Amino acid sequence: MAAQGVHLVKHYRDLAFMGFIEVIANLRTILRNIDFCKKDILEFRPDVLVLVDYPGFNLRIAEFASKAGIRVVYYISPQIWAWKQSRVHQIKKYVNQMLVILPFEKEFYDQFDYPVNFVGHPLLDAINNRKEGMISDWKQKQGLSEKPVIALLPGSRKQEISSMLPIMLSLIDDFKEYQFVIAGAPSVPASMYDEIIAGTSAKVVYDATYALLENSFAALVTSGTATLETALFNIPEVVCYKGSFISYHIARKLVKIKYISLVNLIMDHEIVTELIQDDLNKKRLTEELKKITVDQKNRQLMLDNFKLLQQKLGGPGASERAAELIVSSAHVSRQINTEGTESHGEP
């Protein structure tokens with residue numbers, strides 16, 4: 001966002017706490033940031049407040065802004081279809097317009113008589129607009145060999161990286177015909193990666209996730225948006241997740257979804273293998289990586305399913321459609337402020 005000219009008053013890395021125990025441990029910091037955000041909103045007084053995902057924080061801000069007479073647009077719905085479905089009532093009350101990016105989300109909100117706008121997935125725009133480069137040229141610039149690349153996407157949070165990257169790296173000696181390359185997160189210090197990869201042949205590239213995927217043969221990916229990005233690049237993948245023991249078992253009781261990866265959720269069946277918690281170990285990960293590198297039948301099946309996935313998501317243009325709806329909402333806000341009235345929960 002900063003690269004597009006947005007003035008950042010607080011970086012997301014100051015709020016990136018993953019897991020129940022971790023949130024409780026950092027509760028004071030979170031509450032302090034909520035107060036900071038409220039004050040900044042009142043000082044700036046926007047025509048429209050655009051919230052993106054992150055429900056624990058943003059729904060509190062939505063209520064505050066709505067009561068302050070500021071129109072609220074939520075772009076990228078929080079995953080209330082997975083857990084805490086009761087939050088839909090807060091959304092209906094305090095969010096004037098919801099823009100969703102996954103096809104099944106519209107059906108979910110329809111159950112609660114709350115019309116939303118499906119704008120498509122912004123990843124299609126980002127990937128469609130990327131700068132493509134020659135494989136050999138990019139590898140050379142990154143100091144890589146000509147071996148096929150296994151991309152490692154261990155997440156963007158320190159907790160994720162420290163939990164999952166060592167397990168991913170444990171496969172290197174069993175896949176010597178490949179080179180393992182890590183997509184470094186800009187919010188994570190290079191020293192952390194250096195410490196974890198010490199003594200291995202793995203390399204780290206920064207600010208080049210799409211180029212890495214474009215030049216990869218297969219990938220090991222931490223659950224999250226990156227699973228969908230990898231699929232849209234037509235790179236066979238294994239999805240990985242390992243959290244703290246307590247957080248994971250609490251989540252198992254609360255989360256009401258069959259899969260953890262966006263790829264499988266959108267397709268409504270498992271087309272990419274998910275290795276979760278205890279299943280994420282060297283033995284299982286080795287088996288699954290071989291299925292998408294050596295086993296050509298399994299590899300091709302996954303690639304065929306990726307084509308069906310892209311058809312479900314539709315074409316690019318999500319960002320433009322979302323922007324048009326947000327600008328329209330700003331015009332509505334100005335008109336309402338002129339007339340001195342407001343109503344909530346409008347589509």
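Mentor: Let's start with helix α9, whose buried residues pack against α8 (158-169), β6 (179-184) and β7 (203-206); contact here means heavy atoms within 4.5 Å. This is a predicted model, where local features need pLDDT of at least 70 and side-chain atom pairs count only at pLDDT 80 or more, while totals for chains, interfaces and linings use all residues. Residues are numbered from 1 along each chain as its sequence is written, and side-chain values use heavy atoms, with hydrogens and water left out. Helices (H or I, at least four residues) and strands (E, at least two) are DSSP runs, numbered from the N terminus.

Which residues of α9 are buried? In this helix, which spans residues 190-197, they are M192, Y193 and I197. Viewed down the axis of α9, its buried residues fall within an arc of 115°, so they line one face of the helix. That arc is taken from the directions from the helix axis to the C-beta atoms. Buried means under 20% relative accessible area, exposed means over 50%, and partly exposed lies in between (1.4 Å probe, protein chains only). After α9 comes G199, with a positive phi near 85°.

Together, β5, α8 and β6 make a right-handed β-α-β unit. Right-handed means that, with the strands pointing away from the viewer, the path from the first strand over the helix to the second runs clockwise.

How are β5 and β6 paired? They run in the parallel sense, over four bridges, and L152 has I182 in β6 as its bridge partner. Two strands count as paired if DSSP finds at least two bridges between them. In general, strands of a sheet pair through backbone hydrogen bonds, either parallel or antiparallel.

β5 also pairs with strand β8 (residues 218-222), again in the parallel sense and over four bridges. Here I150 stands opposite A218 in β8.

How covered is β5 itself? In this strand (residues 149-153), five of its five residues are buried. Both of its faces are covered, with V149, A151 and L153 buried on one side, and I150 and L152 buried on the other.
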